Amino acid sequence: DFSRTPSGEMMPVDINTIIQTSLRLVKDQSPFTGIPIASSLQQDLPSIQGDRLRLEEVFLNLFANAADALGGRGVLSIRTARAGDNLIEITVADNGHGIDPAFLPHIFEPFFSTKEPGQGTGLGLSITYSIVRNHHGSIHAESAIGQGTTFTILLPIAEG
């Protein structure tokens, strides 16, 4: 399914199922060796209106970045919760090396990368940002050097 071109069709989807599917795709890959995954997914969340494959791409990008930051040490944490009446909040956090505060305002810009040359395209977070915005949501990051990075996504609950 993931290798198929996304249809762009928006339909009611369960965000926890999308996260769990994304985790199954990556958890046995070598960058995740030795990295415990702590998930706290609130049960019975309402659906969001979304393109399942595009949302999986969002989480795969965030999980891959976290694995890079952890370098085989530390914890990847994922949490979902209801945020007010109309939003679902998703956090993806790691306790890796963190992002330099000078770079943080630029991480969603196309071709911006904090990785060594040849280690990334600088497109993952830009694509992630675009997908979240196309779902009428928002994404922001908080980070501290030596303490890790947390990405918070807010997505609207499907109407009806």
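Let me begin with Phe151, which is buried at a relative accessible area of 6%, where buried means under 20% relative accessible area, exposed over 50% and partly exposed in between, using a 1.4 Å probe and protein chains only. Please keep in mind that this is a predicted model, in which local features need pLDDT of at least 70 and side-chain atom pairs count only at pLDDT 80 or more, while totals for chains, interfaces and linings use all residues. Residues are numbered from 1 along each chain as its sequence is written, and side-chain values use heavy atoms, with hydrogens and water left out.

What does Phe151 pair with? Rings of Phe, Tyr and Trp (for Trp, the six-membered ring) pair if their centres lie within 6.5 Å, and planes under 30 degrees apart count as stacked, over 60 as edge-to-face and the rest as tilted. By this rule there are three aromatic pairs. In one of them, the ring centres of Phe108 and Phe151 are 6.3 Å apart and the planes stand at 75°, so the pair is edge-to-face. Because Phe108 lies in the loop between E5 and H3 while Phe151 lies in strand E7, the pair ties together parts that are 43 residues apart in sequence; these labels come from DSSP runs, numbered from the N terminus, with helices (H or I) of at least four residues and strands (E) of at least two.

Two strands pair if DSSP finds at least two bridges between them; E7 runs antiparallel to E5, with eight bridges, and Ala93 stands opposite Thr150. E7 also pairs with E6 in the antiparallel sense, over seven bridges, and here Ile139 stands opposite Ile153.

Ile153 leads us to the core. A nonpolar core is a set of buried Ala, Val, Leu, Ile, Met, Phe, Trp, Tyr and Cys residues joined through side-chain atoms within 4.5 Å. The largest has 37 residues, and Ile153 is one of those touching the most other members, including Phe59 and Ile90. Which helix or strand gives the most to this core? Helix H2 does, with nine residues.

Finally, H2 itself is mostly covered, with 14 of its 19 residues buried. Its expected span is 1.5 Å times one less than its number of residues, which gives 27 Å, and the end C-alpha atoms are 27 Å apart, so the two agree. After H2 comes Gly71, whose phi is positive, near 55°.
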